[in-house]
Number of protein chains: 2
Amino acid sequence: MSTDAKLRPDPAAAEHDEPDVERRIYRTIFDSVMNQRLTPGARLPETQLCELFGVSRAVVRRVLQRLAHDHIVELRPNRGAIVAIPTPEETRQIFEARQGLEAALVRLATRNGTPEDFADMRRHLREEHEAMHRFDQPSWARLASAFHLRLAAVARNPILEAFLNEIVTRCSLIVALYQPWGNASCEHDEHARIVERMEAGDAEGAIRLMHEHLVVLERNVCLKRADAEPSLKQRLGLA
Amino acid sequence: MSTDAKLRPDPAAAEHDEPDVERRIYRTIFDSVMNQRLTPGARLPETQLCELFGVSRAVVRRVLQRLAHDHIVELRPNRGAIVAIPTPEETRQIFEARQGLEAALVRLATRNGTPEDFADMRRHLREEHEAMHRFDQPSWARLASAFHLRLAAVARNPILEAFLNEIVTRCSLIVALYQPWGNASCEHDEHARIVERMEAGDAEGAIRLMHEHLVVLERNVCLKRADAEPSLKQRLGLA
DNA sequence: GGAGGGCGGATTGTGCACAATATGGCACAT
DNA sequence: ATGTGCCATATTGTGCACAATCCGCCCTCC
């Protein structure tokens, strides 16, 4: 009796988790990239992924293709997949795009956010604040990104939300490349002030704060960009 | 020896255009959707596509998956692919997202556009104008969309450009669904005025004009949305 | 006559085997 | 000793065959 999902003679515990396993693999790789266990340039051989997740190559290929479309991995023909390596030029474009997207999202979130939404965001800010004071860098980095995603959710537009999700993901890649130690710029206050302006209905003020916040973010990356040593060695962290 | 460019009976002219043929199939389906030769709900059986393009199912599947990621087709498990059918709610979201995106793009295009860019756009506007006066509805629809894509290109941000490309594509799907006859709202002047404001360096003015232009566009669709029932019948008939 | 169940055709999902291609090491010539 | 070309190996790309699933149809039963 194998626990392998493919070999299940039992029709009661039906197998409709086939799309689920695909999502699981995607999330695993995605989270590994976010947590910097998989750094830009890391190779992702199909065969290894197959035996690691116990699926066939067709499944792995679909997942890799989705990741490639989301610009998380790069598919090099006949040479395999690697975790994407954003170039400096792409970095500039990503931050520029993010400025435009976040402005639109702040405007919508100010219009559509309910008091519960803002209360939720404040609760989120407290977590973020605590993580920062605990010097819990991984949690803090995740929460700091989550703030922007939460804001996008409050805007009530799944399309723009998906766009920002992709952009934030790529920003995390950039941080992994150009800022591997992750110095915690104390952006908590900036987040808090943005929420405050939004709750007051001052969309333009919130947009201005967000703009400045993102400028600071980009500058932090740019400063480190000079000493970007491609650490293309010692990867393969998933076991 | 077929005159059909898609069939490649000649083995001598070796096949190293494998990434190219994939892009060609994508573009063919994409353009067909844009030209409304493929209307929402149309089925896309893998086998037929295989023999039409003379490729194997693996290739067709990759193309269909890319189209699905771009929200041009919908992949229903075990039931095949169909051209995507935007819902009214999605329509609202798409136009809302488009407002935000185009505002950002107009701002960037105003900043980054060269005199040559604007001259090019004016040339484009003349074509558009002529097509409209020729009552050449297919050309006009294509050119009207192309104006917005051209503007996105002038903004010099490939990421936002790609986002707008996806949005405009989905808008074309919506027009195909809710506005099948395609009444030519004479938006030429609106386009022209936007270019004029951008060339004058007045980003905010151009953004306001673009906003109003898009409002008109959406209202044209909304007005027709009430009597969209015949399309629903078609949807059921094809599905 | 209507409803439910079973059946056949068609289409997609998956695994496997083989071909094509790139990479790295090795031998050889200079 | 160094540069060059070739070959072995690993990895990806592709086609094929079979299994699973779904839809529409028809037959049977109530």
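## Aromatic pairs

Over all chains of this predicted model, a search of the whole structure finds three aromatic pairs. One of them joins A:Y26 and A:F30: the ring centres are 6.0 Å apart and the planes stand at 15°, so this pair is stacked. Planes count as stacked when they are under 30 degrees apart. The two residues belong to helix α1 (residues 18–34) of chain A, where they are four residues apart and therefore separated by about one helical turn. Both A:Y26 and A:F30 are buried.

Chain B holds a further pair, formed by B:Y26 and B:F30. Their ring centres lie 6.0 Å apart with the planes at 20°, so this pair is stacked. Helix α1 (residues 18–34) of chain B carries both B:Y26 and B:F30, four residues apart, which is about one turn of the helix. B:Y26 is buried, as is B:F30.

## Strands of chain A

In chain A, three strands form an open sheet in the order β1-β3-β2, with antiparallel pairing. Its edge strands are β1 and β2 of chain A, each of which pairs on one side only. Strand β1 (residues 43–44) of chain A is joined to strand β3 (residues 80–83) of chain A by two bridges, and these strands run antiparallel. Within this pairing, A:L44 is found opposite A:A81 in β3(A).

Strand β2 (residues 73–76) of chain A pairs with β3(A) over four bridges, also in the antiparallel sense. Here A:R76 stands opposite A:G80 in β3(A). The hairpin of β2(A) and β3(A) has three residues between the strands, and in it A:N78 takes a positive phi near 65°.

## Strands of chain B

In chain B, β1(B) and strand β3 (residues 80–83) of chain B run antiparallel and are joined by two bridges. B:L44 has B:A81 opposite it in β3(B).

Four bridges link strand β2 (residues 73–76) of chain B with β3(B), in the antiparallel sense. B:A81 of β3(B) is the bridge partner of B:L75. Between the strands of the hairpin of β2(B) and β3(B) there are three residues, and B:N78 takes a positive phi near 65° in this hairpin.

## The surface near DNA strand C

There are 15 residues around DNA strand C, and those that come nearest are A:S56, A:R62, A:R79, B:R57 and B:R61. By residue class, this surface divides into three nonpolar, five polar and seven charged. Of the atoms of DNA strand C within 4 Å of the protein, 79% belong to sugar or phosphate, and the rest belong to bases.

A polar side-chain atom of A:S56 is 2.4 Å from a phosphate oxygen of DNA strand C. The side chain of B:R57 places an N or O atom 2.9 Å from a base nitrogen of DNA strand C. For B:N78, a backbone N or O atom lies 3.4 Å from a sugar or linking oxygen of DNA strand C. The elements that give two or more residues to the surface near this strand are β1 (43–44), α2 (46–53) and α3 (57–69) of chain B.

## The surface near DNA strand D

Around DNA strand D there are 16 residues, of which A:R57, A:R61, B:S56, B:R62 and B:R79 come nearest. Sugar and phosphate make up 77% of the atoms of DNA strand D that come within 4 Å of the protein. The residues of this surface divide into three nonpolar, five polar and eight charged.

A base nitrogen of DNA strand D lies 2.9 Å from a polar side-chain atom of A:R57. Phosphate oxygens of DNA strand D are approached by two residues of chain B: a polar side-chain atom of B:S56 lies 2.5 Å from one, and an N or O atom in the side chain of B:R79 is 2.8 Å from one. The elements that give two or more residues to the surface near DNA strand D are β1, α2 (46–53) and α3 (57–69) of chain A, together with α3 of chain B.

## Cysteines

How many disulfides does a search of the whole structure find? Over all chains, the search finds zero. A:C50 has a relative accessibility of 10% and B:C171 a relative accessible area of 6%. Buried means under 20% relative accessible area, so A:C50 counts as buried, and B:C171 is buried.

Technical notes: Residues numbered from 1 in each chain as written. Chains lettered and ligands numbered in written order. Predicted model: local features only at pLDDT ≥ 70, side-chain atom pairs only at ≥ 80, totals over all residues. Heavy atoms only, no water. Near = heavy atom within 4 Å. Polar contact = N/O pair within 3.5 Å; in protein donor to acceptor, adjacent residues only side chain to side chain. Nonpolar A, V, L, I, M, F, W, Y, C, P; charged D, E, K, R; others polar. Disulfide = S-S within 2.5 Å. Buried < 20%, exposed > 50% of the residue type's maximum accessible area, 1.4 Å probe, protein only. Pairing = 2+ DSSP bridges. Phe/Tyr/Trp six-rings, centres within 6.5 Å; stacked < 30°, edge-to-face > 60°.
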